[in-house]
Amino acid sequence: MKISTKGRYGLTIMMELAAKFGEGPTSLKSIAEKNQLSEHYLEQLIAPLRNAGLVKSIRGAYGGYILSRDPASITAGDVIRVLEGPISPVDFTEEDDPAKRDLWLRIRDSIAEVLDSTTLDNLINFQEQSAADNYMFYI
């Protein structure tokens with residue numbers, strides 16, 4: 001399964017909004033500038049996120065977008081499903097070999113489990129293990 005730019009940029013929008021959660025609305029222009037993305041493209045992506053109830057729009061001079069819920073309650077799976085559709089690595093049919101069908105189902109379920117267990121809060125607070133943690137010193 002390959003996530004398109006819709007899913008990747010949509011996740012970027014949601015992570016930016018999660019990072020500013022509780023601080024008021026964030027404009028798409030500021031997200032676009034910070035991440036060097038097309039503001040026009042982000043406008044196309046925010047509509048389905050708003051329709052799905054993941055974000056709210058705030059009108060006015062200092063308007064923009066806010067998350068509709070706490071970042072810990074919105075998963076990467078929520079965002080990807082809204083923008084990409086159902087999670088499925090292949091379109092399998094009933095005629096497929098049962099062993100292959102089982103493989104595709106296990107792959108789909110594994111991908112869904114990772115996406116559904118990763119919240120926006122996890123993503124914005126991610127810390128990569130430093131190289132120093134990987135050294136072993138001997139005396």
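Biologist: Where is G7 found?

Modeller: G7 is found in helix α1. Before we go on, this is a predicted model, so local features need pLDDT of at least 70 and side-chain atom pairs count only at pLDDT 80 or more, while totals for chains, interfaces and linings use all residues. Residues are numbered from 1 along each chain as its sequence is written, and side-chain values use heavy atoms, with hydrogens and water left out.

Biologist: What counts as a helix or a strand, and how many does the protein have?

Modeller: Helices are DSSP runs of H or I with at least four residues, strands are E runs of at least two, and both are numbered from the N terminus. The protein has six helices and two strands, in the order α-α-α-β-β-α-α-α along the sequence.

Biologist: Why is G7 called buried?

Modeller: Buried means under 20% relative accessible area, exposed over 50%, and partly exposed in between, using a 1.4 Å probe and protein chains only. G7 has a relative accessible area of 0%, so G7 is buried. Across the 139 residues of the protein, 27% count as buried.

Biologist: Which residues is G7 in contact with, leaving aside its neighbours within four places in sequence?

Modeller: Contact means heavy atoms within 4.5 Å, and by that rule G7 is in contact with I80, L83 and E84. G7 and I80 are 73 residues apart along the chain, yet their C-alpha atoms are separated by 5.4 Å.

Biologist: What puts the buried residues of α2 on the same side?

Modeller: In α2 the buried residues are L28, I31 and A32. They cover an arc of only 100° around the axis, which puts them on the same side of α2. The face turned away from that buried side carries the exposed residues E33 and K34. Cover for the buried residues of α2 includes α1, α3 and β2 (64-67).

Biologist: Why are α1 and α2 called roughly perpendicular?

Modeller: Axes are lines fitted to C-alpha atoms, for helices over the stretch in contact, and angles run from 0 to 180 degrees between N-to-C directions. Under 35 degrees counts as roughly parallel, over 145 as roughly antiparallel, 65 to 115 as roughly perpendicular and the rest as oblique. α1 and α2 pack at about 110°, with their axes 11 Å apart, and are therefore roughly perpendicular to each other. At this meeting, T12, I13, E16 and L17 in α1 touch I31, K34 and N35 in α2.

Biologist: What angle do α1 and α3 make?

Modeller: They pack at about 80°, with axes 10 Å apart. That makes α1 roughly perpendicular to α3.

Biologist: How do you know whether T26 is buried or exposed?

Modeller: T26 is found in the loop between α1 and α2. At 9% relative accessibility, T26 counts as buried.

Conventions:
Arc of directions from axis to C-beta.
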